Amino acid sequence: MIQRIYALLMRYQNIAFGSFPRLLSIFYWPTVQILFWGFFTNFFMSNGEFGVWSALNIILSAVVLWDVLFRGQLGLTMSFFEELWSRNLPNLFITPLKDIEIVIGLILTSFLRTLLGITPAIFFANFFFNFHLFNLGFFLIFFFFNLIIVGWSVGFVVSGLVLRFGHAFEELAWAIIFMILPFSCVYYPLDSLPNTLQWVANILPTVHIFESMRSILIDNEIINSRILIIITLNSFYLFCSIIFFLNMIKVSRKKGLLFNQGE
Amino acid sequence: MINSSVKTVKLSKQYESTFVLKNISFELPESGLFGILGRNGAGKTTLLAMLMGLVTPSNGQIYIFNKSIDLKKYEILKEINFQSPYVELPKKMTVIQNLIFYSRLYGVLNYNLRIEELSNDLRIKDLLNKNYGTLSSGQKTRVNLVKALLNNPRLLLLDEPTASLDVLTSDFIREYLINFQRKNKSTILITSHNLIEIEKMCSHLIILDEGNIFFKGKLKSLMKENNYSSLKDFFLKNK
């Protein structure tokens, strides 16, 4: 019996410690949780003047908008992973379908999936919590598109890595968004982060999106410089991620990986 | 210019320090059934994958219907198709959804008619509304073959086309492919470990051995000139 249990232990240990992304997934959750709730508590401890309803409104807006990013990324990666899991990639890549058409198809699918997933959440929040996401007006659409674009950028990088390095990198599809969560200042302002981390956070478009959201909901103020930064960073990251994904397809062709992918 | 369906010039594929194919050159005429044989690891699948643009050659050129695959890839891909038991269709979609999806990718006009025609021919009508993932291996093979014929390919690449099929269905599929080739004057390239199948279907052969072409030419010539009684006899005598 001990021998058999030991065999099982060895098997699961090999799975868990056999690849870097899987190893990372064991450690990142506790770290991310501690960082996130630490910054969040700090912010509310030092900002007691917020009313409960205002705070709730800001948090709910942040929850919904953050989910746009998460759904956008998952919508893209899961659609692509379906092809891998189905062992369908060779069939797909021998049709006259161009690589860039795959990119466009994934973007549109992700957009529709996100829209479909997020709409009921907004209405439920509105109904139960007197939620005012629509106070963001035109900027709601602007933030929606920019967050979904962040999701696509992350999604293309993850899909490219899985195509090139195999299924172990699928863990990243679930983990990567939560790795950037503490630095994205979703539920607390940028000032809540230590100075060194603020520098890292500033290169993330998410920080500028959530800072803008708060400045509209709290101060009713639009900071144009932030809007410009959001557009610039997002355009740059999306462009780079698509180039990366297309390049990973090219490398996979060179290495003969398109033929051997599957569950 | 001779009308060739497939032409390779000094084609090589190297993965790090391992050569899978070494400078192979051959030319196949348009129309006919051709077999690619070789032991495991001889380079058959890599060769097929390179002909479809799935694997990039390390060196050499590939021409399909006298067009370079480097320059006219998407034009060429409209005219070829492929079937393998090791490559599947999306499992969560029904057979008909899969066939419509691929018809659209290939730009098949009147695809409903085409799917109906092929479904009747290959006896998969009762499978059309089933999820692909629930089919048996034999059923999947027939559905994959329908997918491979959707665009009426001028060049059809088949990897073990009758794998997982019972004897009667295998015979039926072989007959169907032979008739399809004659009717459409298409080129069919088959890799198989079923030597009897190759003997029954193919007039010409390419035999690969450790990435080199060991033999290319007519099956009859190979047998006659070397006094082999069958392809099995050939492989047994050339271990």
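Two strands pair if DSSP finds at least two bridges between them, and helices (H or I, at least four residues) and strands (E, at least two) are DSSP runs numbered from the N terminus. This is a predicted model, in which local features need pLDDT of at least 70 and side-chain atom pairs count only at pLDDT 80 or more, while totals for chains, interfaces and linings use all residues. Residues are numbered from 1 along each chain as its sequence is written, and chains are lettered from A and ligands numbered from 1 in the order in which they are written.

**View 1. Strand 6 and strand 7 of chain B pair in the parallel sense.** The pairing of strand 6 with strand 7 (residues 155–159) runs over four bridges, and B:L156 in strand 7 of chain B is the bridge partner of B:N81.

**View 2. An open sheet of six strands in chain B has mixed pairing.** The strand order is 6-7-8-3-9-10, with strand 6 (80–83) and strand 10 (212–218) as the edge strands, each pairing on one side only. Neighbouring strands are turned by 15° against each other on average, direction ignored, where axes are lines fitted to C-alpha atoms, for helices over the stretch in contact, and angles run from 0 to 180 degrees between N-to-C directions.

**View 3. Two helices of chain B lie across strands of chain B.** Helix 1 lies across strand 3 (32–38), strand 7, strand 8 (187–191) and strand 9 (204–209), and runs at about 150° to strand 7. Helix 8 (residues 219–226) lies across strand 9 and strand 10, running at about 100° to strand 10.

**View 4. The largest nonpolar core has 67 residues.** Such a core is a set of buried Ala, Val, Leu, Ile, Met, Phe, Trp, Tyr and Cys residues joined through C-beta atoms within 7 Å, a residue being buried if 20 or more other C-beta atoms, placed from the backbone, lie within 10 Å of its own. B:L51, B:M52, B:L157 and B:I190 touch the most other members. Domain 1 (1–79 + 154–165 + 185–239) and domain 2 (86–152) of chain B both give residues to this core, so it lies between them; the domain bounds come from an automatic or database domain assignment.

**View 5. Chain B touches chain A through 20 of its residues.** These are in contact (C-beta atoms, placed from the backbone, within 7 Å) with 18 residues of chain A. The largest share of this side of chain B, three residues, comes from helix 3 of chain B.

How values were computed. A residue is buried if 20 or more other C-beta atoms lie within 10 Å of its own, exposed if 12 or fewer, and partly exposed in between; C-beta atoms are placed from the backbone.
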